[in-house]
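Look at the model first, then read the points below.

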Amino acid sequence: MKHRIRYVLLGLLLITAMLAGCTAPVAPQPADQGADQAADAAAAEKTKVTWLMLSEWPGTDDVAADFMADNPDIELVLEKVPFNDLFQQIQIRLSSGSDTPDIVSVDVPLVAGYGVRNWLMPLDDLYSDAEKDDILEAAYAAGSHNGNLIGAPQFTSTQLLFINDDLFEQAGIPVPGPDDRLTYEQIAEMAQQLTQDSDGDGVTDIWGFSWEQTNRIYQLQPMQESLGGQAIGDDGLTVEGVINAQPWVDAYTYYSRAFNDWKFAPPSDSDEPELFAQGKLAMMIAGPWQIQRYSTMNDGAGPGFNWSVSRHPYFEGGEIVTPTGSWHIGINANSKNKEAAMRVVNWFTTSKGAELWWRKASGDFPAQKSVLALFQTDPQFQEGTFAYMKTAADEATVNPVPRALTPGFLEYEQILQTTFSDISTGADVQSSLDTAAQRIQREMDKYR
Amino acid sequence: MTKAEKWVPYFFLAPALLLIVFFRLLPAFSGFLESLYATSFAAGGVKTFVGLRNFQDVFADPVGLQSIWVTLRFNLIVNPLQIGLALLLALLVNQALRGIDFFRSIYLLPIAISLNVTAIIWGLVLNQYGLMNGLLRVLGLPAQPFLQSPNQALWSIIMMASWVGVAYWALFILAGLQGIPTELYEAAEIDGTGVMQRFMHITLPLLRKVLVFVLVADTVANFLLFVPVLILTSGGPQLSTNTLMFEAYRRGFIFGDFGTSSAMIMLLLGATLAIVAIEFWLLRTSD
């Protein structure tokens, strides 16, 4: 009887082995089998979290892989959208009540607007006390709406003047140092000298000066603020008499002349960082993330010419003002994976994830004090063009002025963006700003 | 016919009718309801019934009025232009000329490319350093701003829309042309008529129904044209390409003002219905 059972068991084993052989040419070893089963089980239990973010950020897949290595039960999917489309996509998807994406990258001035629409869930329980203490207070406050944190601070920012040293030397203009601060008037004078049509075909080959984001208020606001202008009325909803007041008119008259009279700025639909990288733009106001980009180009050889940075410019006799504010991370209030999304946001905005992003990804300025401190000690930032990051870290502390604090920031920014485009193509400055003020004021009324 | 048999046609029509109800009529009705409400974010996103105020706002707002004017101007130019060129193209393609087979195979290419891709390609062509300005420079002519100029941007959109539209509508007209019996032309030729006489007295009258359809369908398509404006100009420069369709999108999806956005869509719907009514009227008189 015993033998019979053994034969039956042996027979069953053989049949099982043959069947397994039909599907798998090599029978797995017991250890592999165990690993496969664990992997299958993990895959089955994995929570999929989607994050809508900028496609321009390099290295994000690497950092996402680091996160998933630390958190094998979460599959993090990055949905990458170009900068110019991200705001509209967030607006459309969140306003539709969709439960995806679970996480969105939020430009900080939009926090209030998303807050009044209840699109983002409160994140007050996101951090331990120690983690919260590590975040820049201003960034934490900027990510809050009605006393609740709804945008976890990921970065902060500043702006510098990027300089093509070789073009300066060719034009016989002394190159400003990293601690020099030019005035806009000096820039206009130099930029006209630097602008060239080298082959005389009537097409400009080298442009003198421009902004990285030619028509966005983020980079342009310091001009009118330097001249004493305000971003918005004290109530956060009044723009009539503010954005069409004299400081704005003077600032955008300068801006208009840069494109239309002096013609040292390339058309506003150009890719300015790329023009700079190609050696076709002598000066550009841009963020410190471009330091990382130009320093790591061509396997670390750089863009093929000497370049440097100096401090953010100001108007002669005016105040020194620098842009600030950057990307935060919010969680869709309708997300079905809130708990997993919270873990993602916590990981990316506390020490380890923030540092890995800073080292591997976009090169934005972290909003975490512990990571910011690494600029001073990390060997990577002590020499070469990477050392300009230290200049940027210092510049970030020089009178940073946030963008307009208003729930209607999206409308404010979008209408101003088209207005600046119009001015750059020759529209009358005063009437353009008057029209913009009327249009924005009309949109602001729904927040009263 | 039994009582049950009377229902058979409705049974077969039911799927189409249901689709029309769910995907056309209900959204239109929902849009109409939305146009009667305004959202106040100060009150926590509460919707308030405002009657026809959103419609009044469209006409009281300079940007709303401008977008109506741009839409009318665009359509008054683009529709006759596209239909005229489509007719010429169809007449050309209908001829037995040398090399016409090759031309017949390439003139339809614009239709095969998605409108998004077409818009992006035209954006590159009309760029300051694009192909068009390169050609102008070769010819010794000054470069043009095209999409950057308030005087040229709408014309650039018209050119792009026509690049696709002319070939598309020419297909319908060509089908109409090939449906005209050749005996009529032969008889007319024997009677000693010229080319223009044959065109005016045979071709045009027999193409009338096709032309009316093309006129109506083309106008509706152009009234609702959106993609090139979104991709190429975002309504600018200086609102010169800000059509009502694009302004409705901006108000709704960018500014979150779905009331005014829906009012604009209702105005567009009204205009479209008026065009369809004209179509019925034209078809009725032709019978």
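In this predicted model, helix H10 (residues 217-226) of chain A gives the largest share of the lining of the largest cavity, four residues. Helices are DSSP runs of H or I with at least four residues, and strands are runs of E with at least two, numbered from the N terminus.

**Cavities**
- A cavity is a set of points on a 1 Å grid over the protein atoms alone where a 1.4 Å probe fits but cannot get out; lining residues have an atom within 4 Å of a point.
- Three cavities reach 30 Å³ or more.
- The largest cavity holds about 40 Å³, a volume being the space filled by probe spheres set on points joined across faces, edges and corners.
- Its lining includes A:Tyr218, A:Gln221, A:Pro323 and A:Arg403.
- By class, this lining has five nonpolar, two polar and two charged residues. Ala, Val, Leu, Ile, Met, Phe, Trp, Tyr, Cys and Pro count as nonpolar, Asp, Glu, Lys and Arg as charged, and the others, Gly among them, as polar.

**Second largest pocket**
- A pocket is an open set with protein on both sides within 12 Å along at least five of seven lines.
- H14(B) gives the most, ten residues.
- The lining has 18 nonpolar, seven polar and two charged residues.

**Confidence**
- The complex has an ipTM of 0.79 and a pTM of 0.81.

Conventions. Residues numbered from 1 in each chain as written. Chains lettered and ligands numbered in written order. Predicted model: local features only at pLDDT ≥ 70, side-chain atom pairs only at ≥ 80, totals over all residues. Heavy atoms only, no water.
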